[in-house]
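This briefing is meant to be read beside the sequence and the coordinates. Please keep both in view while going through the points below.

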Protein chains: 2
Amino acid sequence: MVTIKDVAREAKVSVATVSRVLNDSGPVSDDTRRLISEVAHRMRYVPHSGARSLITSKTQTLGVLLPDLYGEFFSEVIRGMDNTAQRNGFHLLISRSYADKSGIETAMRAMRGRVDGVVAMSPDIDAESLLNLPSTIPVVLLCSVSRGHEVDSLTIQNCRGAREMVRHLVSLGHTRIAIIKGSAGNYDAAERLRGYRMALREAGIVPDPPLEQSGNFTEAGGYAATIDLLALRERPTAIFAANDSMAIGALSALRESGVQVPEEMAVAGFDDIPLARFMDPPLSSVHVPICELGARAVELLLHGVTHKNDHARRRERVSTELVIRRSTGAEPAERSPPRTFKRETVSV
Amino acid sequence: MVTIKDVAREAKVSVATVSRVLNDSGPVSDDTRRLISEVAHRMRYVPHSGARSLITSKTQTLGVLLPDLYGEFFSEVIRGMDNTAQRNGFHLLISRSYADKSGIETAMRAMRGRVDGVVAMSPDIDAESLLNLPSTIPVVLLCSVSRGHEVDSLTIQNCRGAREMVRHLVSLGHTRIAIIKGSAGNYDAAERLRGYRMALREAGIVPDPPLEQSGNFTEAGGYAATIDLLALRERPTAIFAANDSMAIGALSALRESGVQVPEEMAVAGFDDIPLARFMDPPLSSVHVPICELGARAVELLLHGVTHKNDHARRRERVSTELVIRRSTGAEPAERSPPRTFKRETVSV
DNA sequence: GCCCTCTATGTAAACGATTACATATTTACG
DNA sequence: CGTAAATATGTAATCGTTTACATAGAGGGC
């Protein structure tokens with residue numbers, strides 16, 4: 001592997017001069033500059049980023065710590081991160097880890113010396129307090145709260161979004177509104193549940209415990225919970241699932257049981273994944289700008305990185321938006337499927 | 001930031017001894033070992049991976065070069081890669097780049113010194129020949145062919161999968177079978193088209209040019225192509241879309257036009273993304289083990305990394321599997337939706 | 001008691017870059 | 001023409017590790 005020394009020797013100059021040419025730093029005569037460029041190119045010299053970052057103590061890389069999550073969310077959040085990272089000349093070092101203490105700690109240790117900052121996502125509430133690392137590098141917490149810890153955090157407007165969706169169901173005349181909850185111990189799940197309860201209380205509806213079915217953010221969970229709801233003596237007339245995957249499972253269960261949506265049962269989800277609009281009937285959901293979520297997280301992190309982390313800690317939330325389609329029975333706000341798509345979707 | 005020197009000074013030993021304790025290399029007395037461990041822990045010392053990899057010339061990191069792709073495929077392939085990478089103590093440095101020459105080259109340059117090998121995905125056929133880098137590091141090409149270049153490659157059994165699906169449509173009695181093609185210049189798209197034509201020829205069906213609609217792997221593309229197909233004087237009775245996204249777009253168009261699936265029109269896709277089974281009717285598709293694809297790519301790469309790349313170049317393909325559901329009209333091979341799911345699907 | 005082999009530890013040279021400082025050469029100007 | 005300033009280049013320290021080699025003491029066999 002050819003190094004800067006090889007280039008220097010070949011061009012009969014010192015490594016310092018070569019470095020100056022490569023980084024366009026310091027004065028170099030035009031002749032030398034041309035010579036060195038030519039030699040470097042001819043020898044196919046490529047700088048060793050590792051060595052460079054050792055001396056400059058800048059890696060131009062951001063670490064991303066993710067829980068083991070699937071699907072659309074995962075890819076969208078990474079896309080958002082990579083977009084802004086790349087725009088600022090940074091790379092992404094991605095690491096999925098179990099959300100337990102040792103998992104996160106191991107991952108964080110491994111990142112030392114290879115990244116300039118870390119975006120950590122650990123929606124599992126119990127694991128959140130484990131970030132008391134000696135992390136002298138900037139950290140942004142995604143979709144989780146940090147009590148007491150000196151880190152920036154970015155979350156979704158879960159509570160408000162859920163509240164608005166349930167309020168919408170209420171406005172359609174529903175009074176028996178069920179919820180399929182998210183995973184236990186999950187921050188987003190807890191917040192969405194809070195929004196649901198808040199909306200019911202505001203509407204003067206007395207909560208009915210059996211209408212709060214537990215789920216785990218999976219299609220299977222939504223399916224099972226729906227079966228249970230259908231078995232109730234007093235069926236609900238509307239189901240609010242804490243995410244779209246569960247809502248999709250619910251739709252399947254209802255279709256199988258011959259229950260008409262939205263006539264006999266309204267269904268709503270959360271996240272507004274791209275496929276929500278392609279369901280039959282198209283699924284009403286709370287839109288979460290996942291890509292922007294990732295982008296904003298990196299923006300916050302980059303600010304911390306360039307300003308040496310000496311700013312006041314920030315807590316931001318990205319706002320959600322109600323997307324009403326046919327599954328809740330209201331007049332479709334958008335033609336489904338729309339002839340024009342907001343975004344190209346390429347897979348494979 | 002505390003370094004190994006700080007630990008050495010504090011423990012009143014040399015850095016060599018500290019290093020030996022940390023890496024469990026060379027002989028150290030039990031007393032010293034205990035002392036150093038204690039001091040390192042107390043000072044919250046974390047080794048600097050960058051410095052370490054400079055001297056050992058091992059980064060324990062693999063680069064992943066991806067085109068700008070969306071959705072399920074993206075996340076699944078990364079999951080597969082990360083699984084096996086992590087199992088072998090490696091990290092993933094992910095970089096999305098445009099598939100043009102300068103894009104790939106820039107990305108490859110940036111990887112020098114930070115990774116031990118690279119998995120590069122560039123299904124765009126034109127861009128494929130651009131990998132003539134001085135890449136002295138191992139490279140595995142994913143979903144694309146390399147002619148002449150000394151790299152391992154891993155592809156999907158596109159042709160065979162498409163052929164089997166079309167053959168299945170033929171077996172159901174269809175003779176006017178349309179295809180919605182993938183993006184022009186895309187390797188997977190070309191291969192799937194080849195399989196389609198091959199199956200038709202084998203069945204003695206004369207190809208009808210208007211039945212080969214172009215598409216771009218997006219739902220919108222599938223939607224538009226289907227509208228065009230419905231406008232034909234002689235409509236097809238079956239549509240084979242080169243991926244599921246387009247098939248989903250097709251289903252939407254058919255639903256809107258009041259065309260019954262599968263009675264009036266059979267529809268099949270490719271990839272078998274998780275949502276295929278949740279469509280109405282559930283979508284028949286060619287299953288691609290995306291996660292395994294990523295896993296295998298990393299396996300191949302790791303082999304190259306540990307064996308210093310001195311093996312004969314390999315070309316592998318992962319095999320596909322026909323998954324027949326209701327959209328092609330055959331008796332469903334699996335209950336839809338199944339009560340048990342193969343895999344948990346967690347998003348948010 | 002001598003020499004050899006272990007074991008435990010330290011010293012210092014890498015790894016591949018950047019950069020402060022020193023030095024040499026040229027230019028400018030009174 | 002002499003000297004200061006500007007320009008061009010080289011020397012060597014540095015980043016935080018690992019590791020080959022050197023050294024020193026302990027133990028053992030004869």
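Predicted model: local features only at pLDDT ≥ 70, side-chain atom pairs only at ≥ 80, totals over all residues.

- Although 156 residues separate Asn309(A) from Ser153(A) in sequence, their C-alpha atoms are 13 Å apart in space.

**Relation of the two chains**
- Chain B is superposed on chain A by a rotation of 180° with 0.0 Å of shift along the axis, and the RMSD of this superposition is 0.1 Å.
- The two copies are therefore related as by a two-fold rotation axis.
- The same surface serves both copies, in that 99% of the contact residues of chain B recur in chain A.

**Interface between chain A and chain B**
- The contact draws 72 residues from chain B and 71 residues from chain A.
- The size of an interface is often expressed as the accessible area that is lost when the parts come together.
- Between chain B and chain A the buried area is about 7600 Å², and carbon and sulfur atoms give 56% of it.
- Side chains of opposite charge can pair when their charged atoms come close.
- There are 2 salt bridges between chain B and chain A, and a salt bridge is formed across the two chains by Arg96(A) and Asp82(B), whose closest N and O atoms are 3.3 Å apart.

**Salt bridges in the whole structure**
- Over all chains, a search of the whole structure finds 38 salt bridges.
- Among them is the pair Arg160(A) and Glu164(A), with the closest N and O atoms 3.6 Å apart.
- Arg160(A) and Glu164(A) both belong to helix 8 (residues 158–171) of chain A, and because they are 4 residues apart there, about one helical turn separates them.

**Cavities**
- The structure holds 5 cavities of 30 Å³ or more, and the largest cavity has a volume of about 200 Å³.
- The lining of the largest cavity consists of 16 residues, and those that lie nearest its centre are Gly113(A), Arg114(A), Gly50(B), Gly113(B) and Arg114(B).
- Helix 4 (49–56) of chain A and helix 4 (49–56) of chain B each supply at least two residues of this lining.
- Sorted by class, the residues that line the largest cavity are 12 polar, 2 nonpolar and 2 charged.

**Backbone features**
- Most residues other than glycine have a negative phi, and most peptide bonds are trans.
- Ser57(A), although it is not a glycine, has a positive phi of about 50°, and Ser57(A) is found in the loop between helix 4 and strand 1 (61–66) of chain A.
- In chain B, a cis peptide bond with an omega of about 10° joins Val261(B) and Pro262(B), and Pro262(B) is found in the loop between helix 10 (244–256) and strand 9 (266–268).
- A cis peptide bond also joins Asp280(B) and Pro281(B), with an omega of about 0°, and Pro281(B) lies in the loop between strand 9 and strand 10 (285–287) of chain B.

Notes:
Residues numbered from 1 in each chain as written. Chains lettered and ligands numbered in written order. Heavy atoms only, no water. Least-squares fit on C-alpha atoms with pLDDT ≥ 70 in both. Contact = heavy atoms within 4.5 Å. 1 Å grid on protein atoms, 1.4 Å probe; cavity = no way out; pocket = protein on both sides within 12 Å on 5 of 7 lines; lining within 4 Å. Points joined across faces, edges and corners; volume = space filled by probe spheres on them. Nonpolar A, V, L, I, M, F, W, Y, C, P; charged D, E, K, R; others polar. Buried area = accessible area lost by both parts, 1.4 Å probe. Salt bridge = Lys/Arg side-chain N within 4 Å of Asp/Glu carboxyl O.
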